[in-house]
Amino acid sequence: MSEGTIPASLPLRNDLIGEEPYGAPQLDVPVCLNVNENPYPPSHAVVRSIEKRVREAAADLNRYPDREHKELRQAFVDYLAKESQAELTTDEVWGANGSNEIMLQLFQAFGGPGRNALGCDPTYSMYPEYARDTFTTWNTAPRRADFTLDVDATIAAIDALEPSMVVLTSPNNPTGTPLPMPDLERILDHCQNARVAGAADGVHPIVVVDEAYIEFRDPGMPSATTLVGTYANLAVSRTMSKAFAFAGARVGYIAANKGIIDCLRIVRMPYHLSAVTQAAALAGFDHTDEQLSQVGHLRATREATAAWLKEQTYAGKPVEVAPSQSNFLMFGGHFDDRGAIFDEMLKRGVLIRVVGPEGWMRVCMGTDEEMKVFRKALVESMRVVETRAAARQ
Ligand SMILES: Cc1ncc(COP(=O)(O)O)c(C=O)c1O
């Protein structure tokens, strides 16, 4: 898009010429299962609380908001204590406009020219963009064939590249794979002594765990936020967008040692979190149980959808499904023309995502009604694409 519409006379940064704005298509389609949203809108009670809190904030909009968003940070602490049994203080949490902004602030503070960041592919496609925007070099270590983290390969890459940031995602997007605590602890322990290229002796990498989807994990699995008190090199990014069903409000947050939070306070824009955003987030936290009430059902939908997908076939072979602890499933494994399946689904009013390794696609969990439409559309789409491929042979 940029190539056609951006005048060549504009002094766009050389490394951005030809780049496209990031984002999945926002199409007006009956069933949108492409951006891992929560399909359940806020209740009337939640909407009323938001109205009340935002009305109160509106009366003071001539003033800048609380830069340190102290009330909201207390709400993050309370939520993480309840949801993840993490014991944190308000100095150890920090909010921003979506976890996207949290991640950008991390790259701004800890990346930069001459610095490496390391992730584990396949993973979230925004990480290379944060790196590009902060002049950080993005590198990846491969995951195993089953998409679990290869700890030995990751540690070898840390030693070879000496990154300032190691970015791990749990559950991972687009695969849904969780990161077991012992694996995370091995990497955290290793990073406590690892070197950072170009930095002074005694400087070590931070480990960022992106837990955007963590509330969808199976009960009993711990969150990395419980390790913040133990590891000063750990930063755990979270969001209200997914399980909390608050994507439109744009609120993300981080749990980390106070030292890491203080680094983010250096790079944040002044008053980055508007009074309206803070008010809406606080209203959401007034209704935590209600906001999370559909998580169990979405987890059950994921399990039922995974079981159903595994019973389906494409080109004479069972459809593969990557084990997921999230609100989405990566499936297929051997789709020879996933673009064609995407197009056929779209014709049937269902938007999913072409993402991840070749042959795979991703669908996020919708309402029961939406999942019925998805199943029917997928069966029809696979048959159309298979038949077309067979006719070409
Ligand atoms: C792994 C991961 N991290 C972060 C985000 C960003 O979420 P938000 O900016 O809405 O908090 C997403 C969104 O899809 C994601 O998949």
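This is a predicted model: local features need pLDDT of at least 70, side-chain atom pairs count only at pLDDT 80 or more; totals for chains, interfaces and linings use all residues.

Q: Okay, so how far is the side chain of Lys242 from an oxygen atom of the ligand?
A: An N or O atom in the Lys242 side chain is 2.9 Å from a ligand oxygen, which is within the 3.5 Å cut-off.

Q: And how much of the ligand does the protein cover?
A: On its own the ligand has 390 Å² of accessible area, and the protein covers 92% of that.

Q: Which residues are closest to the ligand?
A: Ser99, Asp210, Tyr213, Thr239 and Ser241 are the closest, out of 13 residues that surround the ligand. For Tyr213, a polar side-chain atom lies 2.6 Å from a ligand oxygen. For Thr239, an N or O atom of the side chain is 2.5 Å from an oxygen of the ligand.

Q: What classes of residue make up that shell?
A: There are 7 polar, 3 nonpolar and 3 charged residues. Helix α4, residues 98-110, gives the largest share, with 3 residues.

Q: New topic: in what order do the strands of the open 3-stranded sheet come?
A: The order is β11-β12-β14, with antiparallel pairing. β11 and β14 are at the edges with a single partner strand each, so one side of each has no neighbour in the sheet.

Q: How many bridges join β12 and β14?
A: They pair over 5 bridges. Phe331 stands opposite Met361 in β14.

How values were computed
Residues are numbered from 1 along each chain as its sequence is written. Side-chain values use heavy atoms; hydrogens and water are left out. A residue is near a molecule or strand if one of its heavy atoms lies within 4 Å of it. A polar contact is a pair of N or O atoms within 3.5 Å; within protein, one must be able to donate a hydrogen and the other to accept it, and residues adjacent in sequence count only if both atoms are side-chain atoms. Accessible areas come from the Shrake-Rupley method with a 1.4 Å probe; for residues, only the protein chains shown count as cover. Helices (H or I, at least four residues) and strands (E, at least two) are DSSP runs, numbered from the N terminus. Ala, Val, Leu, Ile, Met, Phe, Trp, Tyr, Cys and Pro count as nonpolar, Asp, Glu, Lys and Arg as charged, and the others, Gly among them, as polar. Two strands pair if DSSP finds at least two bridges between them.
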